[in-house]
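Visitor: I have a model open and some questions about it. Can we go through them one at a time?

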Amino acid sequence: MTLRRTLLSGTAAALVAMAGSAAFAQDMAGPNGEQLAENQTFTYRVLDEFPSIDPNLIEDVEGSAIGRNLFEGLMNQDSEGNVVPGVATGYEVSDDGLTYTFNLRPEAMWSNGEPVTAQDFVYSWQRAADPATASEYQWYMGLMAIENVDAVMAGEMDPSELGVTAVDDHTLEVRLTQALPYFPQMVTHTTTFPVPQSVIEEHGDAWTQPGNMVGNGAYVLEERVPQERIVLTKNENYWDAENVYLDTVTALIINDENQALTRYLAGELDQTDMPAGQFPRLSEEYPTEAISVPNLCTYYYNVNLTDAGLPALQEASVREALSLAIDRDVIVDSVLAGGQVPAFSLTHWATAGFEVPESDVMSMTQEERNARAQELMAEAGYGTDGEPLEIEILYNTSDAHRSVAVAIGQMWQQTLGVTTTLANQEWQTFLTTRGEKQYPGVARAGWCADYNEASSFLDIMQSDSGYNDSGFASEEYDSLMAEARTAEDPLPLYQQAEEIIMAEHPILPIYFYSTVFMLDDTIKGWPLENAQDNWYAKDLYRVAGE
Amino acid sequence: MFSYILRRLAVAVPTLLILVVFSFVLMFAAPGGPFNSERPLPPQIMQNIEARYGLDQPYWKQMVDYVVNVVTRFDFGPSFQYRDRSVNDIIRQGFPVTLTYGLWSALVAVIVGVALGVVAAIRQNSWVDYSAVGISIGAQALPNFVMGPILVLVFTLWLGWLPGGGWRGGQWEYVILPVIALSTSYMASIARITRSSMLEVLNSNFIRTAMAKGLPMRRVILRHALKPALLPVLSYLGPAIVGMITGSVVVDVIFSTGGIGQFFVNSAFNRDYAVIMGITILVGALTIGFNLLVDILYAWIDPKIRY
């Protein structure tokens with residue numbers, strides 16, 4: 001920002017204090033000179049009550065959005081997902097890549113007027129790693145490879161031994177046990193945000209209630225009614241408050257997405273997710289409001305490679321045939337119809353710094369794929385002219401998953417003569433069955449990146465990964481991933497790892513997710529290019545309607 | 001009468017205990033757990049969390065500790081899913097919401113249902129009767145998960161008269177649609193029960209006597225027929241009111257009221273053991289309480305019944 005603009009907006013802010021905000025908003029211009037609406041509020045829909053809004057405990061996507069508005073980490077993401085300064089103005093990395101030194105801006109303040117110091121980050125990180133906190137996101141601290149983190153998490157070492165220190169009030173030093181090229185990306189995650197020690201010690205678990213909660217983000221917690229709403233208002237103590245436009249951000253908890261859509265259309269909401277299959281109709285009716293953007297998640301089927309799985313599925317050629325016979329275009333265009341992209345590999349195409357490796361299968365037509373699949377199946381001796389094969393598709397209860405399973409079942413039947421049975425289970429039961437690999441055929445899976453880097457996808461197929469529900473084990477794969485962790489340029493290694501998956505077919509990739517939602521066309525600043533959909537209310541503003 | 005009430009209350013205690021044991025067994029028998037998630041937690045972290053919530057103890061000990069905490073301190077424990085609130089908080093915040101729209105629904109259902117039923121019975125086989133029966137069958141056949149969205153479509157999207165959801169501390173415009181959606185099918189049942197029992201009463205000897213004495217119709221109905229005709233309605237009301245005030249999940253989901261029903265269902269899916277238990281006990285206690293109340297009212301209305 002130029003000095004001139006700072007001065008101008010400073011003067012304007014002083015005028016507001018005298019003249020009242022309504023008159024001011026009318027004359028105020030947005031970041032690109034647009035005329036702003038008088039009403040600077042944003043109301044959006046969330047699916048369910050937040051398990052927690054304590055940054056160290058937040059475990060869901062919607063809670064993270066609240067966390068990003070109430071708190072600010074060392075680094076933020078811009079509208080394209082790039083790392084930009086947050087509380088830290090920048091950082092230095094040691095030559096070996098193991099020590100990061102973050103410089104904190106002195107003007108950063110808590111909403112109670114206290115300064116944000118390096119010590120606040122030290123306290124937060126120790127708290128997140130401390131077994132006594134019992135955070136489900138403790139593992140994230142482990143992922144960051146901070147010195148001593150494993151011993152601290154195991155309770156063998158005091159949290160104060162964690163490799164993070166406040167050199168002075170505005171300098172934070174982090175020591176890692178391995179060089180992580182994407183470390184700065186990782187500190188945009190809510191688990192790493194600072195928390196106010198004095199407030200937590202005073203109120204205990206109740207520190208996240210309105211009235212008690214103190215944050216360092218652009219907004220403060222105004223109201224929280226469980227299963228109904230959460231209201232945030234602008235934090236005047238935020239260091240960059242003069243460039244924050246929205247004064248109220250409200251999340252309404254609406255379980256039913258169709259109800260949410262009706263209420264959006266009635267003008268009660270500015271943003272809501274779209275029910276599956278509605279995108280074609282809504283984008284025709286509301287072309288400026290219906291939006292589809294890539295979302296860093298991949299939908300696939302696990303194939304059970306353990307003894308509990310069908311013998312036929314232990315043959316890579318049978319798995320390949322099954323994969324080839326899935327007409328992904330039909331699934332994304334007809335079944336889901338929300339801008340999803342067919343997937344033949346695991347890592348989402350929009351992942352930063354990643355390119356999906358070239359492969360023949362992608363350039364083939366579906367007829368060619370089907371012909372190849374029939375050949376492979378005939379060679380293996382199953383299907384139409386061979387031994388009958390019956391595969392169970394296990395999925396967690398949901399209309400969308402059923403539709404996909406029905407479509408795939410028909411494709412396998414028609415192309416390969418393989419019959420399928422559908423089995424659906426309620427979520428927790430499903431997780432147990434799939435996690436213990438007690439399914440005979442294939443099981444539906446979806447994986448979303450925790451951070452915008454290919455390893456966030458590829459890690460799950462490592463033999464010791466907790467999410468490797470196929471029971472896939474490849475030494476070559478594991479060593480490629482280990483090598484990639486410290487490689488200067490990990491892309492070729494990632495691509496080789498992908499090629500192993502594409503050759504062995506431990507999973508049958510189906511599509512790359514997209515997020516489809518309705519966004520009121522007066523709301524601007526939504527980070528459409530941020531593939532993780534990490535939005536910050538401080539970047540949003542409402543322009544005056546024409 | 002007094003000793004009867006005492007006896008009933010004494011039976012309620014073991015009943016609730018059996019309920020607790022039964023729910024615990026079912027809960028632990030269900031696969032999964034409160035901290036299972038898509039990304040399985042490393043064993044060390046799982047241990048830390050389970051230790052914090054006492055889930056590492058043997059089942060019997062968890063159960064005994066739970067009962068002791070509830071009985072001695074009225075403490076239903078922390079929620080496993082909603083990390084920054086206790087079960088007591090959840091009930092304290094959600095139950096008044098459900099109670100408000102539940103009681104309003106009960107009131108509307110009884111008043112409209114009884115009125116419809118009585119009118120239909122008096123004018124049996126007339127167009128009044130047919131339309132009352134038609135309305136009630138229609139209302140009962142239309143489930144509230146269909147009715148709710150239609151109400152929102154009409155009153156929020158098309159007419160713009162009422163908000164499509166939310167609660168805002170129970171302001172009247174937020175209460176109307178949930179009450180209509182919840183009360184309709186109960187109203188329909190009450191109308192049908194009232195109609196048939198009214199018809200039966202109207203054909204009985206004492207009504208014929210009253211008519212023969214030349215009493216005005218209005219007086220016969222209100223003074224003599226209504227009270228006995230309402231007995232079957234009363235026995236239906238016990239469980240119906242509990243059903244209404246312990247939350248229609250559907251109403252909570254569609255209108256986002258923040259009531260207890262939504263927590264009940266979510267807690268079962270999330271395996272949030274403490275919330276499941278807390279709300280089960282609440283519902284159990286209410287069921288026992290309302291059934292007792294109905295029995296007492298029965299004795300008051302029907303002179304043939306004495307305890």
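Visitor: What helices and strands are there in chain A, and how many?
Guide: This is a predicted model. Chain A holds both kinds of element. The count is 19 helices and 19 strands.

Visitor: What radius of gyration does chain A have, against that of a compact globule?
Guide: Chain A has 546 residues. A compact globule of that length would have a radius of gyration near 24 Å. The value for chain A agrees with this: 25 Å.

Visitor: What does the C-alpha trace of chain A span?
Guide: The spans are taken along the principal axes of chain A. They come to about 85 × 60 × 40 Å.

Visitor: Is A:Asp450 buried or exposed?
Guide: A:Asp450 sits in the loop between strand 16 (442–448) and helix 17 (455–458) of chain A. The cut-off for a buried residue is 20 or more other C-beta atoms within 10 Å. A:Asp450 has 20 such atoms, so the residue is buried.

Visitor: How many of the residues in chain A are buried?
Guide: The share is taken over the 546 residues of chain A. Buried residues make up 49%.

Visitor: Which helices of chain B each supply at least two residues to the side that touches chain A?
Guide: The contact takes 40 residues from chain A and 42 residues from chain B. The helices of chain B in question are helix 2 (43–52), helix 4 (87–122), helix 6 (144–158), helix 11 (249–255) and helix 12 (260–270).

Visitor: How do the residues on that side of chain B divide into nonpolar, polar and charged?
Guide: This concerns the residues of chain B that touch chain A. They divide into seven charged, 16 polar and 19 nonpolar.

Definitions and conventions
Residues numbered from 1 in each chain as written. Chains lettered and ligands numbered in written order. Predicted model: local features only at pLDDT ≥ 70, side-chain atom pairs only at ≥ 80, totals over all residues. Contact = placed C-beta atoms within 7 Å. Helix = DSSP H or I, 4+ residues; strand = E, 2+ residues; numbered from the N terminus. Nonpolar A, V, L, I, M, F, W, Y, C, P; charged D, E, K, R; others polar. Rg over C-alpha atoms; globule rule 2.2 N^0.38 Å. Buried ≥ 20, exposed ≤ 12 C-beta atoms within 10 Å, placed from the backbone.
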